[in-house]
Amino acid sequence: MTTAPRGREELPFDKGGVLPAVLKPGDGAQRLWGKGSLVTVKLTAEQTRGAMGMTHFAAKLGERSPSHIHTLEDEIFMIGSGGVRATVGDRTELLEGGSVLFLPRGIPHSYLVESETADLYVLTCPGGFERFFLDGGYPVHMGAAAPVGDRWSVERTQEVAEKLGLGIIWGS
């Protein structure tokens, strides 16, 4: 039996080097993002043998993603609370607590948080896209010094995605 990485509780199962994971609130790698939202990477491709990545957003009003297309992974958005307006192709919907949105790769989409806060999870299959949040976000310890909010650079995050080879097509 191998030892579970920090933030993962060891369970009595071992499936070829992949351990089951129990992640509690606050577990995972955290970054400051966009409008000052807190992004927590809960599961990585390395932890799931490449199957998926999972990221949690404690999002603030105005958090958004410009229109883009994923060429390498499918996405699932799960809204826990708040209101997130999603545009998928030419259709726009307000997603509220309990809503789920499946986005197959190749479909243009964007989102905007319209409530004061929103709690949402993003699951990507296969995993790997979660690196975008780890590399593009800022360490939480930077606090007010982190260039988020009005100082956030969408261009910088697009450069991070390009550097990581994530296959994102922007402005679609």
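Glu114 has a relative accessibility of 35% and so counts as partly exposed; here buried means under 20% relative accessible area, exposed over 50%, and partly exposed in between, with a 1.4 Å probe and protein chains only. The model you are looking at is predicted, so local features need pLDDT of at least 70 and side-chain atom pairs count only at pLDDT 80 or more, while totals for chains, interfaces and linings use all residues. Residues are numbered from 1 along each chain as its sequence is written, and side-chain values use heavy atoms, with hydrogens and water left out.

**Charged pairs**

Let us stay with Glu114 for a moment. Its side chain meets that of Arg85 in a salt bridge, at 2.7 Å from N to O.

| Salt bridge | Distance, N to O |
|---|---|
| Arg85 and Glu114 | 2.7 Å |
| Asp74 and Arg105 | 3.2 Å |
| Glu93 and Arg91 | 2.9 Å |

Asp74 and Arg105 form a salt bridge. This pair links distant parts of the chain, 31 residues apart: Asp74 sits in strand E5 (residues 74-81), and Arg105 in the loop between E8 and strand E9 (109-113). Arg105 is partly exposed at 39% relative accessibility. In the pair of Glu93 and Arg91, Glu93 is partly exposed at 34%, whereas Arg91 is exposed at 55%.

**The sheet**

Stepping back, the protein chain has two helices and 12 strands; these are DSSP runs numbered from the N terminus, helices being H or I of at least four residues and strands E of at least two. Seven strands form an open sheet with antiparallel pairing, in the order E8-E5-E10-E3-E2-E1-E11. Strands E8 (100-103) and E11 (138-139) stand at its edges with a single partner strand each, so one side of each has no neighbour in the sheet. Two strands pair if DSSP finds at least two bridges between them. Strand E2 (residues 37-43) pairs with strand E3 (residues 53-60) over five bridges, and Thr40 stands opposite His56 in E3.

**The whole chain**

Of the 172 residues in the protein chain, 40% count as buried. Among contacts with a separation of 6 or more, 65% join residues 24 or more positions apart, a contact being heavy atoms within 4.5 Å.

Methods: A salt bridge is a side-chain nitrogen of Lys or Arg within 4 Å of a carboxyl oxygen of Asp or Glu.
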